[in-house]
Amino acid sequence: MAEMGSKGVTAGKIASNVQKKLTRAQEKVLQKLGKADETKDEQFEQCVQNFNKQLNEGTRLQKDLRTYLASVKAMHEASKKLNECLQEVYEPDWPGRDEANKIAENNDLLWMDYHQKLVDQALLTMDTYLGQFPDIKSRIAKRGRKLVDYDSARHHYESLQTAKKKDEAKIAKAEEELIKAQKVFEEMNVDLQEELPSLWNSRVGFYVNTFQSIAGLEENFHKEMSKLNQNLNDVLVSLEKQHGSNTFTVKAQPSDNTPAKENKSPSPPPDGSPAATPEIRVNHEPEPASAATPGAALPKSPSQPTEASEVAGGTQPAAGAQEPGETAASEAASSSLPAVVVETFPAAVNGTVEGGSGAARLDLPPGFMFKVQAQHDYTATDTDELQLKAGDVVLVIPFQNPEEQDEGWLMGVKESDWNQHKELEKCRGVFPENFTERVQ
């Protein structure tokens with residue numbers, strides 16, 4: 001019996017809800033058709049518009065804040081990877097390695113702290129702020145339904161009063177239902193009339209606090225990050241000073257502080273390969289004492305031609321050309337310096353290679369110096385440049401005016417063009433040296 005009673009109550013509620021929905025639907029249709037008046041409250045409607053605007057703005061702010069946090073997380077990961085790379089390339093015997101590792105650890109901790117504080121002081125506050133909107137939105141919708149019920153009860157009561165045959169019992173019941181519907185509506189209406197303006201005014205303080213928190217956290221983060229970056233810079237400067245005396249392979253590089261048209265700056269090859277230019281190799285091993293004695297000739301590199309000039313200690317003259325008055329002390333000092341071996345190549349004058357077999361090379365352009373082969377495609381950007389494809393062979397010739405030569409650029413003519421036309425004026429042009437490799 002209890003179960004039947006329970007089921008009966010449930011069924012009764014369902015039937016009551018269905019009847020209410022039908023009554024509301026009919027009332028709305030009559031109001032839209034103008035056959036029934038509708039209770040209006042313009043002040044409340046303005047509050048509802050403000051509520052919807054505030055909800056949309058808050059939802060957008062929450063979305064953008066989550067995007068910002070995701071970007072901070074991505075930057076943290078990128079910074080972490082960059083520091084890991086630095087730790088890997090920083091060799092163990094270099095000074096400042098421990099300091100660099102400590103800076104990397106502090107960098108990681110700073111990113112984590114920044115992200116967590118943004119979550120605590122901005123995102124969670126944002127979530128709490130928006131958490132009150134669903135309940136109020138539901139109550140606004142319920143108020144709208146109760147208003148329709150009130151209008152429907154009012155119209156039903158009025159229709160019974162104006163009927164030709166009045167049924168006092170029905171009129172009394174309708175009046176009772178009208179009073180009940182009016183009471184429920186007014187209770188909800190009064191509460192919302194107080195809450196909505198208060199919620200609307202709270203937006204100013206909330207936005208101020210949110211953006212002040214974000215700005216303050218970001219300011220402190222960048223201050224601390226700036227300190228870490230300065231410390232890392234100091235470590236690297238110290239490394240440069242302590243290792244600056246070591247000489248490494250030097251490749252010709254374009255100048256960055258020269259005008260674009262007066263001095264060309266060649267682009268790097270596509271794969272970042274080094275320029276194919278003559279190398280200056282430094283021997284850090286001290287020369288044997290016998291090599292520094294007057295009149296003794298320095299040993300020749302097997303790769304050098306017989307005409308290659310060999311200079312010990314930079315621009316010092318050859319040992320055999322020393323003045324008789326030079327002291328033994330200066331000779332000893334010279335022998336203790338690193339030996340710089342500068343490779344030179346046979347000069348060509350008017351198509352004849354000096355120091356070679358002596359036979360004229362009439363099939364080469366006048367002034368031919370050496371050949372290079374393009375390792376990468378190069379697209380000419382000016383009328384005086386050569387267009388190169390990987391594999392092209394270029395015959396290098398000197399500039400007519402040496403002052404016109406820009407660092408990192410060579411003058412030449414493609415071998416295929418020279419064999420076809422034999423005219424320098426039509427075929428020659430400049431090209432970036434670091435796109436080629438010397439082959440002859």
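Is E194 buried or exposed, and what is its relative accessible area?

Mentor: Please bear in mind that this is a predicted model. E194 is exposed, because its relative accessible area is 57% and a residue counts as exposed when that value is over 50%. As for its place in the chain, E194 belongs to helix α5, which covers residues 168–243. On the surface, E194 gathers with E186, E187 and D191 in a patch of negative charge.

H76 lies in helix α2, made up of residues 42–89. H76 counts as buried because its relative accessibility is 7%, and the limit for a buried residue is under 20%. If neighbours within four places in sequence are set aside, the contacts of H76 are with D108, W111 and M112.

The secondary structure of the chain consists of eight helices and nine strands. Of the 440 residues in the protein chain, 30% are buried. The accessible surface of the chain comes to about 28,100 Å², and carbon and sulfur atoms account for 54% of that area. Finally, consider the contacts in the chain with a separation of 6 or more: 71% of them are between residues 24 or more positions apart.

To return to your request, E194 is an exposed residue in helix α5, and it forms part of a patch of negative charge on the surface.

Key: Residues numbered from 1 in each chain as written. Predicted model: local features only at pLDDT ≥ 70, side-chain atom pairs only at ≥ 80, totals over all residues. Heavy atoms only, no water. Patch = residues over 30% accessible without salt bridge, like charges linked within 9 Å, V, L, I, M, F, W, Y side chains within 5 Å. Areas by Shrake-Rupley, 256 points an atom, 1.4 Å probe, with all protein chains shown as cover. Salt bridge = Lys/Arg side-chain N within 4 Å of Asp/Glu carboxyl O. Lys, Arg positive; Asp, Glu negative; His and termini not counted. Charge placed at Lys NZ, Arg CZ, Asp CG, Glu CD. Helix = DSSP H or I, 4+ residues; strand = E, 2+ residues; numbered from the N terminus. Buried < 20%, exposed > 50% of the residue type's maximum accessible area, 1.4 Å probe, protein only. Contact = heavy atoms within 4.5 Å.
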